[in-house]
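Work through the exercises below with the sequence and the structure in view. Try each task before reading its solution.

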Amino acid sequence: MNTMMDIVGLLSVLIRIGVTARVVICLIKINAGGDDSGENKQKIKNALIFLVISECVWVIKDLIFSYYNINIGI
């Protein structure tokens with residue numbers, strides 16, 4: 001079970017880093033002047049929506065574990 005929780009923690013960190021990198025790259029492209037149609041703004045919006053949904057998944061997981069008194073030892 002510890003290996004599974006390590007994987008979940010790693011995924012959480014990787015998702016946050018990935019979304020941050022995506023937003024930074026899109027902001028750099030916008031500042032470079034290559035965004036006439038607003039495509040990069042839409043990509044930033046989608047990345048932030050994905051981040052909010054993924055964070056909600058972790059919160060729901062924690063709520064379920066606390067409701068059923070599942071003690072993982074984290």
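Two residues are in contact when they have heavy atoms within 4.5 Å of each other. The model used here is predicted.

**Exercise 1.** Compare the span of helix α2 with the expected one.

Solution. Step one: α2 covers residues 39-67, which is 29 residues. Step two: the expected span is 1.5 Å times one less than the number of residues, and for α2 this is given as 42 Å. Step three: from first C-alpha to last, α2 reaches 42 Å, close to that expectation.

**Exercise 2.** Find which residues of α2 are buried and what the buried residues pack against.

Solution. Step one: buried means under 20% relative accessible area. Step two: Asn-40, Ile-44, Ala-47, Ser-54 and Trp-58 are buried in α2. Step three: the buried residues of α2 pack against α1, residues 2-31.

**Exercise 3.** Describe how α1 and α2 are arranged.

Solution. Step one: two packed helices are described by the angle and the distance between their axes. Step two: the axes of α1 and α2 come within 9 Å and cross at roughly 165°. Step three: angles over 145 degrees count as roughly antiparallel, so α1 and α2 are roughly antiparallel to each other. Step four: the residues of this contact divide into 15 nonpolar, 3 polar and 7 charged.

**Exercise 4.** Is Asn-69 buried or exposed?

Solution. Step one: Asn-69 lies in the segment after α2, and its phi is positive, near 55°. Step two: exposed means over 50% relative accessible area. Step three: Asn-69 has 67% relative accessibility and therefore counts as exposed.

Methods:
Residues are numbered from 1 along each chain as its sequence is written. This is a predicted model: local features need pLDDT of at least 70, side-chain atom pairs count only at pLDDT 80 or more; totals for chains, interfaces and linings use all residues. Side-chain values use heavy atoms; hydrogens and water are left out. Helices (H or I, at least four residues) and strands (E, at least two) are DSSP runs, numbered from the N terminus. Buried means under 20% relative accessible area, exposed over 50%, partly exposed in between (1.4 Å probe, protein chains only). Axes are lines fitted to C-alpha atoms, for helices over the stretch in contact, and angles run from 0 to 180 degrees between N-to-C directions. Angles under 35 degrees count as roughly parallel, over 145 as roughly antiparallel, 65 to 115 as roughly perpendicular and the rest as oblique. Ala, Val, Leu, Ile, Met, Phe, Trp, Tyr, Cys and Pro count as nonpolar, Asp, Glu, Lys and Arg as charged, and the others, Gly among them, as polar.
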